[in-house]
Amino acid sequence: MKKKYQGIIYLSVFVVALLLGFIFANIDSKGYHLLFFAISILAFIKGANFAWQNSSPDKAYESTVRGLLNTYDSILVKVNSVPKIGDRSIVAVQTMDDMIDAQLEVRKPICYIRQSESCSFLLLDKNVVYIYIEKLNDTVKSPVEIELEQLKYQNKSMDLEIFNDIEKTTIVKLSNLKSYKVSPVVDVTTQIEVLDL
(Lines give C-alpha, C1' and ligand atoms only; values in the text may rest on other atoms or scores of the structure.)
Protein backbone atom coordinates (compact mmCIF):
# COMPACT_ATOMS: atom_id res chain seq x y z
CA MET A 1 0.00 0.00 0.00
CA LYS A 2 1.36 3.44 -0.89
CA LYS A 3 2.41 5.41 2.18
CA LYS A 4 0.78 8.64 1.08
CA TYR A 5 -2.64 6.94 1.04
CA GLN A 6 -2.17 4.89 4.17
CA GLY A 7 -2.78 7.79 6.56
CA ILE A 8 -5.93 8.84 4.69
CA ILE A 9 -7.24 5.27 4.83
CA TYR A 10 -6.70 5.03 8.60
CA LEU A 11 -8.46 8.36 9.12
CA SER A 12 -11.38 7.32 6.89
CA VAL A 13 -11.81 3.97 8.67
CA PHE A 14 -11.68 5.76 12.03
CA VAL A 15 -14.42 8.28 11.07
CA VAL A 16 -16.70 5.74 9.37
CA ALA A 17 -16.40 3.18 12.20
CA LEU A 18 -17.01 5.87 14.82
CA LEU A 19 -20.13 7.11 13.01
CA LEU A 20 -21.45 3.57 12.58
CA GLY A 21 -20.76 2.92 16.27
CA PHE A 22 -22.88 5.94 17.27
CA ILE A 23 -25.66 4.96 14.83
CA PHE A 24 -25.82 1.39 16.14
CA ALA A 25 -25.63 2.64 19.75
CA ASN A 26 -28.73 4.84 19.15
CA ILE A 27 -30.79 2.05 17.59
CA ASP A 28 -29.80 -0.44 20.32
CA SER A 29 -28.58 -3.21 18.04
CA LYS A 30 -27.19 -6.14 20.03
CA GLY A 31 -23.62 -4.98 20.54
CA TYR A 32 -22.71 -3.96 16.99
CA HIS A 33 -21.87 -0.53 18.33
CA LEU A 34 -19.09 -2.08 20.46
CA LEU A 35 -17.61 -3.74 17.37
CA PHE A 36 -17.53 -0.45 15.45
CA PHE A 37 -16.13 1.46 18.42
CA ALA A 38 -13.36 -1.16 18.71
CA ILE A 39 -12.61 -0.82 14.98
CA SER A 40 -12.47 2.98 15.31
CA ILE A 41 -10.06 2.72 18.25
CA LEU A 42 -7.80 0.33 16.33
CA ALA A 43 -7.84 2.60 13.26
CA PHE A 44 -6.99 5.60 15.47
CA ILE A 45 -4.06 3.75 17.07
CA LYS A 46 -2.71 2.56 13.69
CA GLY A 47 -3.16 6.05 12.21
CA ALA A 48 -1.36 7.69 15.15
CA ASN A 49 1.47 5.16 14.89
CA PHE A 50 1.72 5.79 11.14
CA ALA A 51 1.77 9.57 11.66
CA TRP A 52 4.47 9.28 14.33
CA GLN A 53 6.65 7.00 12.15
CA ASN A 54 6.39 9.40 9.20
CA SER A 55 6.67 12.65 11.14
CA SER A 56 10.19 13.30 9.83
CA PRO A 57 12.20 12.10 6.83
CA ASP A 58 14.56 10.18 9.15
CA LYS A 59 11.71 8.28 10.78
CA ALA A 60 10.02 7.63 7.43
CA TYR A 61 13.27 6.27 5.97
CA GLU A 62 13.94 4.04 8.99
CA SER A 63 10.34 2.78 8.95
CA THR A 64 10.55 1.96 5.22
CA VAL A 65 13.89 0.15 5.49
CA ARG A 66 12.83 -1.75 8.60
CA GLY A 67 9.64 -2.81 6.81
CA LEU A 68 11.54 -4.00 3.73
CA LEU A 69 14.07 -5.95 5.80
CA ASN A 70 11.36 -7.58 7.93
CA THR A 71 9.09 -8.40 4.98
CA TYR A 72 11.74 -9.93 2.73
CA ASP A 73 14.04 -11.36 5.42
CA SER A 74 13.92 -14.89 3.97
CA ILE A 75 15.52 -13.87 0.64
CA LEU A 76 17.94 -11.19 1.90
CA VAL A 77 21.63 -11.58 2.73
CA LYS A 78 23.46 -8.82 4.59
CA VAL A 79 26.90 -7.98 3.19
CA ASN A 80 29.54 -5.59 4.53
CA SER A 81 30.90 -4.34 1.22
CA VAL A 82 29.72 -3.94 -2.35
CA PRO A 83 29.94 -7.27 -4.21
CA LYS A 84 32.05 -7.40 -7.38
CA ILE A 85 29.89 -6.11 -10.20
CA GLY A 86 32.54 -6.62 -12.89
CA ASP A 87 31.36 -6.60 -16.49
CA ARG A 88 27.73 -7.32 -15.69
CA SER A 89 24.99 -5.19 -17.19
CA ILE A 90 23.42 -2.93 -14.60
CA VAL A 91 19.64 -2.74 -14.25
CA ALA A 92 18.28 -0.12 -11.85
CA VAL A 93 14.80 -1.18 -10.75
CA GLN A 94 12.16 1.35 -9.69
CA THR A 95 10.61 -0.44 -6.69
CA MET A 96 11.39 -3.25 -4.31
CA ASP A 97 8.46 -5.16 -5.81
CA ASP A 98 10.31 -5.12 -9.16
CA MET A 99 13.40 -6.46 -7.38
CA ILE A 100 11.33 -9.28 -5.86
CA ASP A 101 9.91 -10.14 -9.30
CA ALA A 102 13.46 -10.37 -10.66
CA GLN A 103 14.50 -12.52 -7.69
CA LEU A 104 11.66 -14.95 -8.40
CA GLU A 105 13.04 -15.39 -11.93
CA VAL A 106 16.72 -15.63 -10.98
CA ARG A 107 16.21 -17.65 -7.77
CA LYS A 108 19.19 -16.15 -5.98
CA PRO A 109 19.30 -14.21 -2.70
CA ILE A 110 19.30 -10.42 -2.71
CA CYS A 111 22.38 -8.87 -1.08
CA TYR A 112 21.88 -5.68 0.90
CA ILE A 113 24.15 -3.08 2.42
CA ARG A 114 22.56 -0.96 5.13
CA GLN A 115 24.03 2.44 5.92
CA SER A 116 22.66 5.17 8.18
CA GLU A 117 21.22 7.12 5.22
CA SER A 118 20.88 4.48 2.50
CA CYS A 119 20.12 0.82 2.01
CA SER A 120 21.20 -0.78 -1.27
CA PHE A 121 19.78 -4.05 -2.58
CA LEU A 122 21.68 -6.04 -5.25
CA LEU A 123 20.59 -9.15 -7.10
CA LEU A 124 23.58 -10.70 -8.88
CA ASP A 125 23.10 -12.96 -11.88
CA LYS A 126 25.68 -14.22 -14.41
CA ASN A 127 25.48 -11.27 -16.80
CA VAL A 128 23.18 -8.83 -14.97
CA VAL A 129 23.04 -7.07 -11.62
CA TYR A 130 19.71 -5.65 -10.48
CA ILE A 131 19.97 -2.69 -8.12
CA TYR A 132 17.42 -0.96 -5.90
CA ILE A 133 18.46 1.79 -3.50
CA GLU A 134 16.34 3.26 -0.70
CA LYS A 135 17.78 6.60 0.45
CA LEU A 136 16.98 9.21 3.06
CA ASN A 137 17.01 11.87 0.33
CA ASP A 138 18.37 12.43 -3.18
CA THR A 139 21.61 14.07 -2.01
CA VAL A 140 22.79 10.87 -0.28
CA LYS A 141 25.33 8.72 -2.18
CA SER A 142 25.18 5.04 -1.34
CA PRO A 143 28.28 2.81 -1.51
CA VAL A 144 26.80 1.11 -4.57
CA GLU A 145 26.39 4.43 -6.41
CA ILE A 146 30.00 5.33 -5.58
CA GLU A 147 31.17 1.94 -6.89
CA LEU A 148 29.17 2.40 -10.11
CA GLU A 149 30.72 5.83 -10.67
CA GLN A 150 34.20 4.33 -10.21
CA LEU A 151 33.40 1.56 -12.70
CA LYS A 152 32.17 4.12 -15.22
CA TYR A 153 35.40 6.12 -14.77
CA GLN A 154 37.54 2.98 -15.20
CA ASN A 155 35.67 2.07 -18.38
CA LYS A 156 36.26 5.55 -19.81
CA SER A 157 39.98 5.43 -19.02
CA MET A 158 40.23 1.94 -20.58
CA ASP A 159 38.46 3.30 -23.67
CA LEU A 160 41.04 6.09 -23.95
CA GLU A 161 43.94 3.61 -23.81
CA ILE A 162 42.70 2.13 -27.08
CA PHE A 163 43.71 5.32 -28.90
CA ASN A 164 47.39 5.16 -27.91
CA ASP A 165 48.42 2.53 -30.48
CA ILE A 166 46.39 3.64 -33.49
CA GLU A 167 48.61 3.93 -36.58
CA LYS A 168 45.99 4.21 -39.32
CA THR A 169 42.34 5.23 -39.55
CA THR A 170 40.28 2.73 -37.55
CA ILE A 171 36.69 2.26 -36.40
CA VAL A 172 36.58 1.82 -32.64
CA LYS A 173 33.65 0.49 -30.58
CA LEU A 174 33.70 1.75 -26.98
CA SER A 175 32.15 0.34 -23.81
CA ASN A 176 29.20 2.72 -24.19
CA LEU A 177 28.33 0.72 -27.36
CA LYS A 178 29.01 3.62 -29.71
CA SER A 179 31.34 3.35 -32.71
CA TYR A 180 33.75 6.06 -33.81
CA LYS A 181 36.03 6.53 -36.83
CA VAL A 182 39.42 7.54 -35.48
CA SER A 183 42.45 8.77 -37.40
CA PRO A 184 45.92 9.08 -35.86
CA VAL A 185 47.40 12.50 -35.28
CA VAL A 186 50.56 12.90 -37.33
CA ASP A 187 53.34 14.79 -35.67
CA VAL A 188 54.49 17.33 -38.28
CA THR A 189 57.97 17.76 -36.75
CA THR A 190 58.66 14.03 -36.99
CA GLN A 191 57.50 14.01 -40.58
CA ILE A 192 59.83 16.91 -41.48
CA GLU A 193 62.80 15.18 -39.89
CA VAL A 194 62.15 12.08 -41.93
CA LEU A 195 62.03 14.13 -45.13
CA ASP A 196 65.37 15.77 -44.39
CA LEU A 197 67.19 12.45 -44.20
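In which helix is V106 found? V106 lies in helix α4 of this predicted model.

**View 1. Overall fold of the protein chain.** The protein chain contains six helices and seven strands. Along the sequence, these elements follow the order α-α-α-β-β-α-β-β-β-α-β-β-α. Of its 197 residues, 29% count as buried.

**View 2. V106 in helix α4.** Helix α4 spans residues 96-106, and V106 belongs to this helix. The relative accessible area of V106 is 18%, so the residue is buried, the cut-off for that class being under 20%. K126 is 20 residues away from V106 along the chain, and the C-alpha atoms of the two residues are separated by 9.7 Å.

**View 3. A patch of negative charge on the surface.** Four residues, D97, D98, D101 and E105, gather here in a patch of negative charge. D97 is part of helix α4. With a relative accessibility of 48%, D97 counts as partly exposed, because this class covers values between the 20% limit for buried residues and the 50% limit for exposed ones.

**View 4. Cysteines C111 and C119.** C119 has a relative accessible area of 0% and is therefore buried. C111 also counts as buried, at 14% relative accessibility. A disulfide is a covalent bond between the sulfur atoms of two cysteines. A search of the whole structure finds zero disulfides.

Key. Residues numbered from 1 in each chain as written. Predicted model: local features only at pLDDT ≥ 70, side-chain atom pairs only at ≥ 80, totals over all residues. Heavy atoms only, no water. Patch = residues over 30% accessible without salt bridge, like charges linked within 9 Å, V, L, I, M, F, W, Y side chains within 5 Å. Areas by Shrake-Rupley, 256 points an atom, 1.4 Å probe, with all protein chains shown as cover. Salt bridge = Lys/Arg side-chain N within 4 Å of Asp/Glu carboxyl O. Lys, Arg positive; Asp, Glu negative; His and termini not counted. Charge placed at Lys NZ, Arg CZ, Asp CG, Glu CD. Helix = DSSP H or I, 4+ residues; strand = E, 2+ residues; numbered from the N terminus. Buried < 20%, exposed > 50% of the residue type's maximum accessible area, 1.4 Å probe, protein only. Disulfide = S-S within 2.5 Å.
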